[in-house]
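Reader: I am new to this structure and would like to learn how its helix packing and one of its pockets can be read. Could you take me through them slowly?

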Amino acid sequence: MFAPAPPAVLPAPSPLTLEAAFAAARAGLRPARDPAGVLRSASATAAEKLAAIDALQSRLPGEPRALRAAALDALAAAAASPSQPPEVRAKAYAFLGCEMPPTADDAAASRALRVLLAALPGPRYRIFALRGLGPASHAIPDADEALLQGALLDLLDGPVAGEERATALVALYAFVGPRDDLARRKPALPAELDARLLAPMEADPAGFVRDPRATPASREMAIATVWISARQREALGDPAPARRVDALLDRLASVETDPTVLSWIRTYRTAPPPPPFTASATKRAPAGPDEP
């Protein structure tokens, strides 16, 4: 009989001291225990800071309001800090906007909004800030509504193109769409939207379609934004904006070349009139300290 082959020799495990084991455990616990502290730390690695952002996001909805506001401020500080690694800043910008609605604190939301808007002029973090502004639009304090709309329209008036343009228009639609009483509360804002977004489309529908800055997605969102704004005013008793947008859609249908955009135009042209506006019975909780 042949002797059995000897077992394969496996490499010996690296020795692990008790001190090293404790250090590894502490490193794993640090983001969970104090993620805001990890974000502020000059010694934390980029991976630890990215994990800290995840930890802040996961725990934020269940925290008391004061801690939610502090977490939002920590994300804002990480996004704005030039000393942070680029990947940390990019993630902080995007998560900052997502966490504004569950924070439910107007003062903290206003601070976070200004950090997001400050990133729009430069290209480096613009797309991440724009991705944050879409969900952030649902938590903009009333006092900041004009600031947000104006900043997005300023950006759209410039050379921003492609994905950035489409994402900016998604954010603009996310702002306009849920505010069905905006024309009654602040009529100057729908008037500004008409003057800066709708009027150029009316002046040159073919130019709107051929605009080198645009994509089919950005044209879809521009059309959707002016249409929903007009429908909201029709529901409030003013049909003139809807007639104006209907006339634009007729002209766009004759020059648009993308089949998906054309299908959106057909859907809007055949939509029935909106029902009369009814004030929502659900109101956002006012900003302030938690109830005892």
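Author: Let us begin with handedness: the crossing of H8 and H9 is left-handed, a crossing being left-handed if the near helix is turned anticlockwise from the far one by less than a right angle, and right-handed if clockwise. Keep in mind that this is a predicted model, in which local features need pLDDT of at least 70 and side-chain atom pairs count only at pLDDT 80 or more, while totals for chains, interfaces and linings use all residues. Residues are numbered from 1 along each chain as its sequence is written, and side-chain values use heavy atoms, with hydrogens and water left out.

Reader: Which residues of H8 and H9 make the contact?

Author: Contact means heavy atoms within 4.5 Å. On the H8 side it is made by Glu-145, Leu-148, Gln-149, Leu-152, Leu-153, Leu-155 and Leu-156, and on the H9 side by Arg-165, Ala-168, Leu-169, Ala-171, Leu-172, Phe-175 and Val-176. These residues divide into 11 nonpolar, one polar and two charged (Ala, Val, Leu, Ile, Met, Phe, Trp, Tyr, Cys and Pro count as nonpolar, Asp, Glu, Lys and Arg as charged, and the others, Gly among them, as polar).

Reader: At what angle do H8 and H9 pack?

Author: Axes are lines fitted to C-alpha atoms, for helices over the stretch in contact, and angles run from 0 to 180 degrees between N-to-C directions. H8 and H9 pack at about 155 degrees, with their axes 10 Å apart, and are therefore roughly antiparallel to each other (angles under 35 degrees count as roughly parallel, over 145 as roughly antiparallel, 65 to 115 as roughly perpendicular and the rest as oblique).

Reader: How do the axes of H3 and H5 cross?

Author: The axes of H3 (residues 46-59) and H5 (residues 86-103) come within 10 Å and cross at roughly 5 degrees, which makes H3 roughly parallel to H5. The contact of H3 with H5 has six nonpolar, one polar and five charged residues.

Reader: Which element gives the most to the lining of the second largest pocket?

Author: H11 does, with four residues. By class, that lining has eight nonpolar, two polar and five charged residues.

Key:
Helices (H or I, at least four residues) and strands (E, at least two) are DSSP runs, numbered from the N terminus.
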